[in-house]
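My entries follow the order in which I checked them.

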Amino acid sequence: MAEVQAVKSLDTVKLISYLLERHYGQQMADIWNVGLNLALRITDLLSIRFSDIQAERLLLTEGKTGKVANIKLNQKTIEITNRIRLQHPDHVYLFQSHRNQRAINVPPAPLSRRYVSRAFALIGEEVAIDLGTHSMRKTRGYHLYKSTKDIARVMKMLRHSSEGVTLRYIGITQEDIDKDFVDLEI
């Protein structure tokens, strides 16, 4: 699997949302926007059930680590989830697949990781970024780090156990660190 990047420009973050909606529809743009705000792995993001969202919080046990993600939802995420719930009151999953919805005795299922990955990769080609499903998580971590310079806070949000892993994950390079030393004179 190719290494994907954090999106470092906020204008590009918005452009990606626009292009996803234009090429793939509102649901794909919603995945991007909610994914940016929750910083979950794609399998966990796609597995969110409406029952996991209680009183403006998401409570979810992560599939990869078994850790509990207890996330307070921001206003943008609340608005998107409420809109989806109103549009699809019979859905079980936040990002439910619309395939086979007329089939009898077929249980509801979320969109597939593969479908989302392909859509993101194609949009990434259009904006010249190695874009993938981890880009949402990396982008949130990158922007939190850039605004706070608090790697411990980013580690906690991403539920990582090592500073080095977190710095590599969000794409902070030696060049970025060198720039921080040059820019901050005391």
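The entries below go from basis to cores, then to strands, a helix and charged pairs.

**Basis.** I am working with a predicted model, in which local features need pLDDT of at least 70, side-chain atom pairs count only at pLDDT 80 or more, and totals for chains, interfaces and linings use all residues. Residues are numbered from 1 along each chain as its sequence is written, and side-chain values use heavy atoms, with hydrogens and water left out.

**Cores.** I looked up nonpolar cores, meaning sets of buried Ala, Val, Leu, Ile, Met, Phe, Trp, Tyr and Cys residues joined through side-chain atoms within 4.5 Å. Buried is under 20% relative accessible area, exposed is over 50%, and partly exposed is in between, with a 1.4 Å probe and protein chains only. The largest core has 38 residues, and I31, W32 and L45 touch the most other members. Elements giving two or more residues to this core include α1 (10-24), α2 (26-38), β2 (57-61) and α5 (113-127). The largest share, 7 residues, comes from α2. Helices (H or I, at least four residues) and strands (E, at least two) are DSSP runs numbered from the N terminus.

I then listed the contacts of I31 (heavy atoms within 4.5 Å). Beyond its neighbours within four places in sequence, I31 touches I42, L45, L46, F95, L111, V116, F120 and M136. A second, separate core of 13 residues includes A39, L144, I151 and L158.

**A39.** I checked this residue for its backbone. A39 lies in the loop between α2 and α3 and has a positive phi near 55 degrees, although it is not glycine. Its relative accessibility is 0%, so A39 counts as buried.

**Strands.** I took two strands as paired if DSSP finds at least two bridges between them. β1 and β2 are antiparallel over 2 bridges, with I53 bridged to L58. Their hairpin has 2 residues between the strands, and A55 there has a positive phi near 50 degrees. E56, in the loop between β1 (53-54) and β2, also has a positive phi, about 65 degrees.

β2 and β3 are antiparallel over 5 bridges, and L59 has N70 as its bridge partner.

**Helix α6.** I compared its length with the expected span, 1.5 Å times one less than the number of residues. The 15 residues of α6 (residues 134-148) should span 21 Å, and the end C-alpha atoms are 21 Å apart, which agrees. Its buried residues include M136, G141, Y142 and L144. Among the elements covering the buried residues of α6 are α1, α5 and α7 (151-158).

**Salt bridges.** I counted a side-chain nitrogen of Lys or Arg within 4 Å of a carboxyl oxygen of Asp or Glu. The structure holds 5 salt bridges. One of them joins R83 and D30 at 2.7 Å, N to O. R83 is in helix α4 and D30 in helix α2, so this pair ties together parts 53 residues apart in sequence. D30 is buried, at 3% relative accessibility, whereas R83 is partly exposed, at 26%.

E62 and R41 meet at 3.6 Å, N to O, and both are buried. E56 pairs with K72, the closest N and O atoms being 3.5 Å apart. Shared partners join R41, E62 and R159 into one salt-bridge network.
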